[in-house]
Amino acid sequence: GQLGVAHAYGSGGSDSCLNAVKAVSDLLDGVPIQHYLTLKMDNLARLNDLVGGVEGDLLDEFTAMDPAMIKGQRVTLNGEQALTYIRGLENGNDVNRMSRQRQYIQSLFQKIAEHNNSLLLDVALDLGGNLVSDMSVVQIGSMFQTISDYSMDELLVPEGNAVAGQERMEFHVDPELLKEMVI
């Protein structure tokens, strides 16, 4: 099945998160997912702005929506630009979008790590009602502290192939390489 739609087969609350947790755990050959924390995509713009914007070199062109978003240009994305950047879909191809999302997540986590713990309070006060999680506030605080202690140089991405499905592009992982990555 599609990992991307697992969350959609719920109400948007904990049941959606549990669907996604199960789908990812199943993909990873039963590796348990300890916790989940989600933020509705529309609120990402606010999070982006709370950390002062996210900087990076644009991997794709978005000048039709914003003249400042030129491929290869180094920019600090404001909230609306961040949404354009991570949501943009080219010719139904999700592979480029996933690359941009990985780049954005790495930059966002780096930006969060640069802030002191007062950022957690700002995020909790500003976005708290829009977060869905099975963690307590203390656990979320601990997670933010852990993030600030790590360097996120690279996200692990399973090897595979993008294949045209009946309705959309599909990414099929290489099961042997995925197993090696999990191990």
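**Salt bridges, a surface patch and a strand hairpin**

Arg 74 is partly exposed, with a relative accessible area of 47%. In this predicted model, Arg 74 forms a salt bridge with Asp 57, and the closest N and O atoms of the two residues lie 3.0 Å apart. Because Asp 57 belongs to strand 2 (residues 54-57) and Arg 74 to strand 3 (residues 74-77), the pair ties together parts of the chain that are 17 residues apart in sequence. Asp 57 is likewise partly exposed, at a relative accessible area of 35%. Both residues belong to a network of salt bridges that also includes Glu 55.

A further salt bridge joins Arg 100 and Asp 60, with a separation of 2.6 Å between the closest N and O atoms. This pair links distant parts of the chain, 40 residues apart: Arg 100 is located in helix 5 (residues 94-114), and Asp 60 in the loop between strand 2 and strand 3. Arg 100 and Asp 60 are both buried. In total, 5 salt bridges are counted in the model.

Asp 26 is partly exposed, with a relative accessible area of 46%, whereas Lys 22 is exposed, with a value of 52%.

Helix 2 (residues 14-27) also contains Val 24. Val 24 has a relative accessibility of 31% and therefore counts as partly exposed. Together with Leu 3, Leu 27 and Ile 33, Val 24 forms a nonpolar patch on the surface, and the accessible area of these residues together is about 260 Å².

Asn 43 is placed in helix 3 (residues 41-50). The relative accessibility of Asn 43 is 15%, so this residue counts as buried, the cut-off being under 20%. When residues up to four places away in sequence are not counted, Asn 43 touches Leu 127 and Asn 130. With Asn 130 there is a polar contact between the two side chains, at 3.4 Å.

Strand 5 (residues 160-164) pairs with strand 6 (residues 169-173) in the antiparallel sense, over 5 bridges. The two strands form a hairpin, with 4 residues between them. In this arrangement, Gly 160 stands opposite Val 173 of strand 6.

Technical notes
Residues numbered from 1 in each chain as written. Predicted model: local features only at pLDDT ≥ 70, side-chain atom pairs only at ≥ 80, totals over all residues. Heavy atoms only, no water. Pairing = 2+ DSSP bridges. Buried < 20%, exposed > 50% of the residue type's maximum accessible area, 1.4 Å probe, protein only. Polar contact = N/O pair within 3.5 Å; in protein donor to acceptor, adjacent residues only side chain to side chain. Contact = heavy atoms within 4.5 Å. Patch = residues over 30% accessible without salt bridge, like charges linked within 9 Å, V, L, I, M, F, W, Y side chains within 5 Å. Areas by Shrake-Rupley, 256 points an atom, 1.4 Å probe, with all protein chains shown as cover. Salt bridge = Lys/Arg side-chain N within 4 Å of Asp/Glu carboxyl O.
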